[in-house]
Amino acid sequence: MNAQDVARDVLARLQSAADTSTVEALAGVFDDDEDVVLIGTTSHRLGQAGLREYLTLLVEADGRPRWEWDSVHVFLDLPDAVGFACFGQVVVTEDGEPARAPIRMTAVAVRTRDGWRLRQFHGSLPSDW
C-alpha cells in the first residue's frame with residue numbers, strides 16, 4: 001500500500017468509526033501508544049486517557065461529523081509512518097439539518113501490529129470562518 005492509499009484508508013476507517021458513534025470504534029483508529037495526540041478546534045488531549053475523554057465528548061455531542069475531503073496531501077512517507085494533510089468540509093447534522101464548515105486536518109499514521117493507526121490528529125476550522 002503506498003502512502004496515499006494509507007492516508008485514504010485511515011480516513012475511511014475514521015469516518016466509519018465516527019458513523020458508529022462509539023468511543024471504542026473511534027479509539028480503534030488511533031495508536032495505543034501513550035504519546036497519541038488529538039487536537040480539535042477548541043480543545044486538545046494527550047495520551048490514552050485524554051484521547052478517550054475527547055472521543056467521549058465527540059460521541060456525546062448532538063451531531064455526528066461527516067468529513068468530505070477535497071484533497072489529501074502526503075508530506076511524510078516512511079516505511080512505518082505516513083504524514084498527511086487534508087482540506088475539505090465537515091458536515092454535522094443535528095435535528096435533520098446539515099451544517100457545513102471548512103476544515104483542515106493534519107495527521108501522522110504509524111504502522112502497528114494491528115495495521116495503520118493514527119498517532120497524531122489535528123483537525124480544525126479556520127479561525128476566519
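Reader: In which sense do β1 and β6 pair, and over how many bridges?

Author: First, the idea. Two strands pair if DSSP finds at least two bridges between them. Strands (E, at least two residues) and helices (H or I, at least four) are DSSP runs, numbered from the N terminus. Here β1 and β6 pair in the parallel sense, over three bridges. Val37 has Gln120 in β6 as its bridge partner. This is a predicted model, where local features need pLDDT of at least 70 and side-chain atom pairs count only at pLDDT 80 or more, while totals for chains, interfaces and linings use all residues. Residues are numbered from 1 along each chain as its sequence is written, and side-chain values use heavy atoms, with hydrogens and water left out.

Reader: How many bridges join β5 to β6?

Author: Nine, and these two strands run antiparallel. Ala107 stands opposite Phe121 in β6. A hairpin through two residues joins β5 to β6.

Reader: Which sense do β3 and β4 take, and which do β4 and β5 take?

Author: β3 and β4 pair in the antiparallel sense over 13 bridges. Asp77 faces Val82 of β4. Two residues lie between β3 and β4 in their hairpin. β4 and β5 are also antiparallel, over 14 bridges. Gln89 stands opposite Pro102 in β5. Their hairpin has two residues between the strands, and Asp95 in the turn has a positive phi of about 55 degrees.

Reader: Where is Ser21 found, and what is its phi?

Author: Ser21 is in the loop between α1 and α2. Its phi is near 60 degrees, a positive value in a residue other than glycine.

Reader: How many residues of β6 are buried?

Author: Start with the scale. Buried means under 20% relative accessible area, exposed over 50%, and partly exposed in between (1.4 Å probe, protein chains only). Seven of the 10 residues of β6 are buried, so this strand is largely enclosed by the rest of the structure. Ser21, at 21%, counts as partly exposed.

Reader: Which residues have the most contacts inside the largest nonpolar core?

Author: A nonpolar core is a set of buried Ala, Val, Leu, Ile, Met, Phe, Trp, Tyr and Cys residues joined through side-chain atoms within 4.5 Å. The largest one has 34 residues; those with the most contacts inside it are Val10, Phe30, Leu55, Trp69, Phe84, Met105 and Leu118. α1 gives the most to this core, with eight residues. Take Leu118. Leaving aside neighbours within four places in sequence, Leu118 is in contact (heavy atoms within 4.5 Å) with residues including Val10, Phe30, Phe84 and Ala107.

Reader: How much space lies in the largest pocket, and how much in the largest cavity?

Author: A cavity is a set of points where a 1.4 Å probe fits but cannot get out; a pocket is an open set with protein on both sides within 12 Å along at least five of seven lines; lining residues have an atom within 4 Å of a point. Points are joined across faces, edges and corners, and a volume is the space filled by probe spheres set on the points. The largest pocket holds about 660 Å³. Of its 29 lining residues, the closest to its centre are Gly40, Thr41, Tyr54, Leu58 and Pro65. The largest cavity holds about 40 Å³. Ala18, Ser21, Leu26, Leu58, Val59, Gly63, Arg64 and Pro65 line this cavity.

Technical notes:
On a 1 Å grid over the protein atoms alone, a cavity is a set of points where a 1.4 Å probe fits but cannot get out, and a pocket is an open set with protein on both sides within 12 Å along at least five of seven lines; lining residues have an atom within 4 Å of a point.
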